[in-house]
Amino acid sequence: MAVIEKRGKKWRAMVRLKGHPTKTLTFNGRKAAEDWARDMEDALRSGKVLPGPSPTLSVLIDRYIKELEKFKPVADTKRGNLTRWKESLGEREVASLTGQDVLDHAAKRCEAIGPATMQVELGYLAETLKAARSLWDMTIPDIVAAARPTLARTGMIGDPNERDRRPTAAELKSLEEFYRYNFAPTPMRDLIPFAIDSAMRLSEITSILWEDYRPGDKPVVLIRTRKDPKKKATNNQWVPLLGRCAEIIDRQPKKGKRIFPYKEDTIGSNFRRACVRLEIIDLTFHDLRHEGTSRLFEAGYQIPEVSIVTGHRDWKSLKRYTNLKPASLHRDKPALPHLAPQGAPDSVEALEEAA
C-alpha cells in the first residue's frame, strides 16, 4: 500500500508491497506524490520497469536545448522564452506541475507581454514536454493542454494583431527634443532615426559589427544570421544603408566590435519611459521598423527592393509591416485611367500572386 505524508513544504510518497523493497520519493505537490505512488504500485505488481524520479523543469529544459544544439543553433527567442519558464517554475519537479501553474505563470507574464508573445512562450514549453514524452519516454502530465482553453478564453494567449500604428511627425519631433535635454544611457537621438531609415529590427541594430560595415558612395552593411523561418544559422545578408544610416554610423565611437553596443532591453525601456513622459500612447520601438518600411513604399520602391532592405521573403509577411498614408498615393497630375503601370497587378490578390 502507499502512504502519502507531508514533510515540511514537500510531500513524501512511500510504497510498501509484499515481496518488494519499500520505495520512497519526495515531491513538491501532493497530487504528484499520489500519481507516482499509484504508478509505482502498478509497476511493482506487473513487473514493469519502475518509473524513475521526475526531473525538475530546469533540468528538462536544459536537456532539450542541449539535444537541439546537436543539430542546429538554438534561436535566442526560443532560449529566452524557455528561460522565463525556468525562472518561475524551474525548481519544480515536472511531475508535480499542473495546468494551474501554467495559468499562474501566464497571469504574471501578461503584465509585461501581449497575448501573441505569451502564445509563443507557451508553445516552446509544449515542445519541450512533447520531446520528454516522445523521445525520452517520460510519463509527465500535459499541463499545456490543460491550461490552453482557459488561457484562450481569458485572452492571455492569442494571435498577433496587425498594427497600423505609425509615429506622427510631431511625436518624432517631441522625442528628438526630449532626448536633447534628458540623459539616456543609449544614444536615442541616433537610434530612432537609424531604426526608421534602416527598417531593421532592434536585435539587428544592436548586433551589426564594425567589420561588416562598408562606407562609401553606396554604403552597405552585413546582417549576420538574419531572422528567417527556414534559414536561421546561415542567413547572412548584405543590405543597403539608405537615408541617414551611414551618417549616423560614422559618428558612433568605436568602443568595441559592435556599432551599437547596447542591450535591447535598455533601448526599449528608454523608449517606453520617454513615451510615458511625453504622453505618446501605444507606440513601440518596433513601430519604427513599420514606419521605415512604409516610407520605402511611399518613396516609390517596389516589393523586391523593399524586401532587400527589410529581409522579408514574400509580400504576405511584408505587407503587415506596411501602413501607407493615403496622401502618399497622390502623384503629380495623375491620369486616372493609368494609375497602375502597364502590366501591373490591379488587385491585392493579384499583387500577392505576383510577389
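Of the 355 residues in the protein chain, 41% are buried, where buried means under 20% relative accessible area with a 1.4 Å probe and protein chains only. This is a predicted model, in which local features need pLDDT of at least 70 and side-chain atom pairs count only at pLDDT 80 or more, while totals for chains, interfaces and linings use all residues. Residues are numbered from 1 along each chain as its sequence is written, and side-chain values use heavy atoms, with hydrogens and water left out.

The protein chain exposes about 21,200 Å², of which carbon and sulfur atoms supply 53%; these areas come from the Shrake-Rupley method with a 1.4 Å probe. When contacts (heavy atoms within 4.5 Å) between residues at least 6 apart in sequence are considered, 61% of them join residues at least 24 apart.

The secondary structure comprises 15 helices and 6 strands, taken as DSSP runs of at least four residues (H or I) for helices and at least two (E) for strands, numbered from the N terminus. Three of the strands form an open antiparallel sheet in the order β1-β2-β3, pairing being assigned if DSSP finds at least two bridges between two strands.

| Edge strand | Residues |
|---|---|
| β1 | 2–7 |
| β3 | 23–27 |

Each of these edge strands pairs on one side only, and neighbouring strands of the sheet are turned by 20 degrees against each other on average, direction ignored. β1 pairs with β2 (residues 10–15) in the antiparallel sense over 6 bridges, and Lys6 has Trp11 in β2 as its bridge partner. Helix α1 (residues 30–46) lies across β1, β2 and β3, running at about 15 degrees to β2, with axes fitted to C-alpha atoms, for helices over the stretch in contact, and angles running from 0 to 180 degrees between N-to-C directions.

How values were computed
Buried means under 20% relative accessible area, exposed over 50%, partly exposed in between (1.4 Å probe, protein chains only).
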